Amino acid sequence: MILTGTAIGAAVARGHITIDPYDPRRLSPNAYDWRLGNRIRICDGALDVARPADFEELAIPETGMALSPGLLYLGVTHERTWSERYAQLLNGNRTIGALGIWVHVSAPLGHTGHAIPWTLEIRVARPVRVYPGMTFGKLVFLHIFGTSSSYQEHGSKYTASTGIDVSRLYLEIRSGGGHQ
């Protein structure tokens with residue numbers, strides 16, 4: 001079940017959900033309106049899943065940054081979110097989609113115990129200027145059923161993330177997890 005905006009606000013007040021920074025005006029009927037952070041990584045070269053990707057990391061100036069089609073951008077949410085009681089789904093929204101911005105299509109699930117700023121995969125259909133702190137999507141919180149298991153206890157590749165993370169698939173390939 002999806003939490004309503006009112007239920008998200010109540011869970012924040014009880015300490016069951018952390019959204020940092022939190023602004024109750026960003027609650028919508030069934031979600032929290034999250035914002036784009038102030039840093040972005042740009043990849044304009046070839047990628048090899050067996051090696052760490054090369055990206056240039058830049059600050060997004062207050063005057064905005066123009067994004068271009070054909071490049072891979074990794075951004076970060078302005079907010080850090082966490083909950084041991086609820087799973088999370090992070091999505092773009094209709095407003096940025098109507099501008100030809102696709103964000104976070106491949107990995108919208110935040111497990112219970114997910115306690116990091118979200119790394120965002122960003123692609124654009126046309127050149128478009130984005131700004132730090134602009135509303136970029138919706139964050140939904142979901143009730144979980146069954147025995148809860150915290151993401152932090154699984155020792156996954158991204159548990160200690162503090163900013164924009166590149167793919168760490170190369171760690172699995174080096175350990176024999178799929179490379180022939």
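The model is predicted, so to speak of local features a pLDDT of at least 70 is needed, side-chain atom pairs count only at pLDDT 80 or more, and totals for chains, interfaces and linings use all residues. Residues are numbered from 1 along each chain as its sequence is written, and side-chain values use heavy atoms, with hydrogens and water left out.

**Stop 1: helix H1**

Select residues 5-14, which form helix H1. Helices (H or I, at least four residues) and strands (E, at least two) are DSSP runs, numbered from the N terminus. Colour Gly5, Ile8, Gly9, Ala11 and Val12: these are the buried residues of H1. Buried means under 20% relative accessible area, exposed over 50%, and partly exposed in between, with a 1.4 Å probe and protein chains only.

Now look down the axis of H1. The buried residues fall within an arc of 165°, so they line one face of the helix; the arc is that of the directions from the helix axis to the C-beta atoms. An α-helix has 3.6 residues a turn, so residues three or four places apart point the same way. On the other side of H1, select Thr6 and Ala13, which are exposed.

Which strands do the buried residues of H1 pack against? Show E1, E2, E3 (31-43), E7 (86-92) and E12 (135-143). Contact here means heavy atoms within 4.5 Å.

**Stop 2: the loop between E1 and E2**

Select aspartate 20 and proline 21. A cis peptide bond joins them, with omega about 0°. Proline 21 lies in the loop between strand E1 (18-20) and strand E2 (27-28).

**Stop 3: aromatic pairs**

Rings of Phe, Tyr and Trp (its six-membered ring) pair if their centres lie within 6.5 Å; planes under 30 degrees apart count as stacked, over 60 as edge-to-face and the rest as tilted. The count by this rule is two aromatic pairs.

Select tyrosine 22 and tyrosine 32, a stacked pair at 5.7 Å centre to centre with 20° between the planes. Tyrosine 22 is in the loop between E1 and E2, and tyrosine 32 is in strand E3, ten residues apart. Tyrosine 22 is partly exposed at 28% relative accessible area, whereas tyrosine 32 is buried at 0%.

Finish with tryptophan 34 and phenylalanine 136. Their ring centres are 5.9 Å apart and their planes at 65°, so the pair is edge-to-face. This pair links strand E3, which holds tryptophan 34, to strand E12, which holds phenylalanine 136, 102 residues apart. Tryptophan 34 is buried at 2% relative accessibility, and phenylalanine 136 is buried at 0%.
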